There are 2 protein chains.
Amino acid sequence: MVSFLSEFKRSHFCGDLRAEHIGQEVILFGWVASSRDHGGVIFIDMRDKEGLVQVRFESDTEESYELANQLRSEWCIGIVGQVVSRGSNINDRLPTGEVEVIGKRLEVFSKSKTPPFQIRENTDANEMLRLEYRYLDLRREPLQRALRLRSKVNQATRTYLTQNLFEELETPYLTKSTPEGARDYLVPSRVNPGRFYALPQSPQIFKQLLMVSGFDRYFQIVRCFRDEDLRADRQPEFTQIDMEMSFVTTEDVMRICEGLMKSIFTCAGFEINPPFERISYDEAMRRFGVDAPDLRFGLELVDVTEIAGQSGFQVFEQTVSEGGIVRGIRIPGGSETFSRKMIDELEPFVGIYGAKGLAWAKVNSDGWSGGVSKFFDDEVRTKFETAFEAEPGDLLVMVAAKESVTCAALGNLRKKLGGDLGLIDKEAFRFCWVTDFPMFEYDEAEGRYYAMHHPFTSPRPDQVELLDTNPKEVKAQAYDLVLNGSEIGGGSIRIHQETVQNRVFELLGLSKEEARQKFGFLLDALTYGTPPHGGIAFGMDRLIMLLSRAESIRDVIAFPKTQRAADAMSDAPNLVDPAQLEELHIKVVGVFEEE
Amino acid sequence: MVSFLSEFKRSHFCGDLRAEHIGQEVILFGWVASSRDHGGVIFIDMRDKEGLVQVRFESDTEESYELANQLRSEWCIGIVGQVVSRGSNINDRLPTGEVEVIGKRLEVFSKSKTPPFQIRENTDANEMLRLEYRYLDLRREPLQRALRLRSKVNQATRTYLTQNLFEELETPYLTKSTPEGARDYLVPSRVNPGRFYALPQSPQIFKQLLMVSGFDRYFQIVRCFRDEDLRADRQPEFTQIDMEMSFVTTEDVMRICEGLMKSIFTCAGFEINPPFERISYDEAMRRFGVDAPDLRFGLELVDVTEIAGQSGFQVFEQTVSEGGIVRGIRIPGGSETFSRKMIDELEPFVGIYGAKGLAWAKVNSDGWSGGVSKFFDDEVRTKFETAFEAEPGDLLVMVAAKESVTCAALGNLRKKLGGDLGLIDKEAFRFCWVTDFPMFEYDEAEGRYYAMHHPFTSPRPDQVELLDTNPKEVKAQAYDLVLNGSEIGGGSIRIHQETVQNRVFELLGLSKEEARQKFGFLLDALTYGTPPHGGIAFGMDRLIMLLSRAESIRDVIAFPKTQRAADAMSDAPNLVDPAQLEELHIKVVGVFEEE
């Protein structure tokens with residue numbers, strides 16, 4: 001075999017052969033996708049990363065025929081052969097379908113057992129089985145495609161950013177634990193007994209320090225870690241396009257990011273047209289009920305609080321008098337398309353988000369019917385119709401609750417309806433920037449503020465004084481990039497003044513001592529001539545998922561973890577030798593495992 | 001300030017201004033490197049990542065003069081000004097020295113305390129202080145240069161490899177602990193109590209599995225982790241250029257790597273000329289005493305075992321009769337340049353490597369003198385002279401010991417002499433491939449074999465049978481790339497047959513059960529049509545160190561760890577909240593820390 005590889009170098013990829021190659025001798029390496037004996041002629045579908053081609057061994061081809069006769073699926077082989085025309089026998093389903101290769105020489109590099117599932121475009125194999133045999137699942141075309149796209153996106157990202165004078169700088173993975181928000185993954189230190197490193201949730205502080213150092217523009221495609229309770233689309237380790245720039249405004253960062261997105265989408269074969277629409281957080285919540293609006297369809301929320309407050313309907317009036325709001329969605333033509341049963345099913349859906357009920361009414365040419373119709377007189381109905389711009393045949397749905405519940409209920413109902421009603425153009429890519437987020441969220445239960453973005457986010461410069469008088473009202477210089485209703489990136493202009501940073505830490509409930517203990521080095525850095533700076537991070541996994549139209553984030557990661565944060569193939573995490581733990585000065589406690 | 005950044009965008013970098021810009025209005029952002037008041041004129045040396053330029057504020061320049069008068073070192077500023085000629089007042093030491101900028105408008109973004117050390121090309125500040133204020137140390141030109149070179153090398157690497165059809169694929173950081181050689185860093189799992197992830201020492205198995213998956217060519221610039229006792233040039237986390245290719249021979253891998261090195265060195269401004277010299281491990285040990293020979297100078301080792309064995313000198317004869325060897329180095333002209341004292345100092349040096357003594361003699365035109373001269377008659381002396389190709393004026397030094405000691409002693413003595421005698425061309429880059437390493441090292445004390453490269457390295461195909469009969473003699477298909485006496489990369493053709501892999505595990509003392517428990521998924525993968533494959537990994541940190549002629553590996557890493565594996569700036573690793581440990585089901589034991 002070594003002699004075969006020394007003598008013969010690949011001339012083409014299987015999937016690249018076309019009519020223009022007819023007559024050429026070719027050398028191919030790859031796998032047997034399928035084989036069949038057809039009256040003394042062996043036909044092989046041979047596969048490599050570029051695709052399939054048919055190879056034929058005839059009984060008069062010296063010793064190769066005998067060997068070819070033994071070939072089974074997934075054997076790894078090399079062949080020397082000649083490209084010939086398939087004449088009128090064209091296979092339309094294959095890009096190589098006009099040609100086939102007559103095998104002259106065959107080398108078997110290795111045999112294969114029968115795989116636990118078939119290697120083909122679509123599989124109905126159980127996902128756990130696929131993850132256990134990940135190296136076989138990765139032979140499937142959709143995963144090959146997604147990961148190769150990912151490789152291309154990486155290069156497009158780096159090319160664009162280096163052209164725009166960004167330096168690629170590496171930040172550490174063994175860092176300090178300063179838990180804010182998500183849990184850290186910890187790494188016990190052997191050399192420093194009793195102490196722990198943390199794997200970074202993001203390189204946030206390091207990239208800010210690189211700006212303090214004068215690197216001017218930084219980027220990195222970098223792994224980040226969060227020990228969160230796992231959801232379907234979460235992974236304990238994930239990849240970010242991480243960026244930071246000095247001497248910039250929000251507009252400067254957006255312009256660079258729009259160019260980056262254009263480069264990435266172009267390399268994936270899609271045309272997009274920045275600049276993207278900009279929507280303030282307040283407007284997004286008002287019109288869409290969520291801070292990551294999907295602009296591919298309408299069904300915008302309409303505020304009818306004022307009308308509802310004087311509508312005569314007791315439920316509405318009470319909610320409004322208690323400071324709640326009433327908003328609704330007009331579903332064009334819904335009067336006919338929605339059965340009573342379908343409408344009834346929407347109520348438990350909004351219940352998930354805390355809404356106590358869903359008020360609805362059908363607007364007919366001869367008046368309203370059903371639902372809450374009976375509570376309103378004609379005058380009130382007309383006011384509603386005007387507010388909703390309703391037409392006969394429409395279905396109106398409304399939620400009355402405190403603002404956060406109304407927004408969440410209707411925002412999610414809108415997304416559901418957009419999908420259910422087929423209003424979403426699956427081919428479209430609709431971007432928007434969401435801006436002017438509040439600096440803080442107030443947690444009523446805990447009686448304290450949390451940073452909406454992170455504690456290093458700068459307030460709007462004209463609102464710095466409000467930090468002392470009315471923190472709730474302060475808007476941040478923060479921005480999210482939203483694509484098709486998913487947040488794909490988020491960032492901010494950072495605080496570059498020590499006094500402001502100290503004030504924000506204080507509002508977040510950190511004592512001076514805690515602030516110094518956790519972030520003293522950052523506070524110090526801010527006293528040595530820190531440039532104004534800002535940046536952003538994009539979630540690479542989700543971006544590739546949207547670009548490749550994959551259904552699961554696990555389909556765009558070479559070796560993903562299961563929802564139990566485990567590697568089903570290698571069986572990580574695993575039990576380790578007690579001697580290893582002893583060296584690390586730690587002991588497992590409270591675990592009883594029967595192994 | 002925001003309004004300043006909104007209104008004014010950087011027009012040039014400070015360090016880029018030249019005579020051609022005279023007359024232009026420019027907008028600069030950067031730091032005050034120094035300032036001085038010179039009779040009503042304020043002179044500022046303003047610095048950004050591209051260099052320095054002089055800025056002048058005159059007392060008649062509106063309000064800017066007053067503000068400029070307050071400027072101190074390391075304040076972060078923006079200016080609008082006009083480029084003018086410095087006339088005959090050229091500053092030869094600055095690339096911008098023909099011009100200066102008359103400041104029209106000045107914005108102070110932030111002030112700076114007096115830095116703990118001066119920000120300049122060379123500093124005598126203590127390294128611990130520099131590491132504590134890393135964000136300031138990184139403002140120094142040598143570190144800026146090294147890290148920007150590193151960014152360029154990254155791009156050159158990726159461009160070359162993607163042009164050669166490599167896919168950039170990401171492998172996990174939370175992996176399985178299978179300690180072989182170095183210690184793993186462990187990460188306790190919260191979701192899987194009592195179990196641990198390991199941070200990868202290299203993505204070795206994952207990249208092999210990607211070949212099993214048919215990705216054909218893989219690369220990644222990837223962080224790796226080893227919990228080793230630290231030496232001056234080691235870091236707990238380090239970066240590799242990691243590569244793997246299917247359907248290749250050793251020659252194919254070398255050819256690709258030579259092209260990669262050419263791309264990298266070209267981007268750094270150096271011309272190199274592959275192909276590189278190839279030296280077998282045996283030849284390297286024989287001629288240079290080490291497996292990473294420095295080819296920038298001579299002083300090759302000469303084997304004189306045969307002569308020494310019948311020389312009449314009892315020490316030599318006994319060593320040879322016991323199976324030892326005698327080798328030596330001819331130091332041209334050393335007879336005169338080496339005093340008795342200098343020669344005496346070499347003896348303890350070779351003692352470090354286990355040599356019991358250093359035999360020496362001066363070759364004069366009228367015979368030998370000093371050292372061991374008196375033990376040899378003329379006939380033997382002539383034989384030695386012939387073997388060494390000695391000439392009058394030379395100094396001969398010899399070590400007699402078992403092979404490994406003789407090689408280590410003379411190999412390291414050769415390096416020392418090369419440096420001490422000024423034989424090394426500091427500008428030269430001399431590469432060589434070292435090939436045909438033994439598969440195994442036999443540890444006499446433990447009575448077992450260790451893998452010289454790693455357990456996945458393929459034996460030479462013509463020697464597979466020797467695994468059963470004489471494992472010590474089996475050569476591996478392994479290769480190191482050596483530059484100026486440092487190993488900068490190492491790799492191998494891998495085992496792609498399950499039977500061979502099992503046999504190697506067995507020779508390494510792994511029982512069938514242990515092999516399955518640790519590497520079962522790899523053994524399984526080898527049964528599903530694995531292509532022949534091989535690869536290599538280059539140490540990025542050391543490569544950048546050689547390219548940038550830095551003296552410490554810490555000078556080419558943005559945020560390095562100290563020799564205590566700590567981050568002196570952020571104080572990682574740190575003590576963590578006991579609640580964090582409780583969630584992870586672990587407890588610190590045997591540590592008493594007074595904090």
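Me: What are the ground rules here?
Reply: In this predicted model local features need pLDDT of at least 70 and side-chain atom pairs count only at pLDDT 80 or more, while totals for chains, interfaces and linings use all residues. Residues are numbered from 1 along each chain as its sequence is written, chains are lettered from A and ligands numbered from 1 in the order in which they are written, and side-chain values use heavy atoms, with hydrogens and water left out.

Me: Which strand does β13(A) pair with over seven bridges?
Reply: Strands are DSSP runs (E, at least two residues), numbered from the N terminus, and two strands pair if DSSP finds at least two bridges between them. Strand β13(A) runs antiparallel to β16(A), residues 395-401, over those seven bridges; there Arg327(A) is partnered by Val399(A). Three bridges join β13(A) to β12(A), also antiparallel, with Leu301(A) opposite Ile329(A).

Me: How many residues of β13(A) are buried?
Reply: Buried means under 20% relative accessible area (1.4 Å probe, protein chains only). Six of the seven residues in β13(A) are buried.

Me: How much area do chain B and chain A bury between them?
Reply: The size of an interface is often given as the accessible area lost when the parts come together. Here that is about 11600 Å² (1.4 Å probe, summed over both parts), with 57% on carbon and sulfur atoms.

Me: How many salt bridges are counted between chain B and chain A?
Reply: A salt bridge is a side-chain nitrogen of Lys or Arg within 4 Å of a carboxyl oxygen of Asp or Glu. The count is 20, and Arg150(A) with Glu170(B) forms a salt bridge at 2.8 Å, N to O.

Technical notes
Buried means under 20% relative accessible area, exposed over 50%, partly exposed in between (1.4 Å probe, protein chains only). Helices (H or I, at least four residues) and strands (E, at least two) are DSSP runs, numbered from the N terminus. Buried area is the accessible area (1.4 Å probe) that two parts lose on being put together, summed over both.
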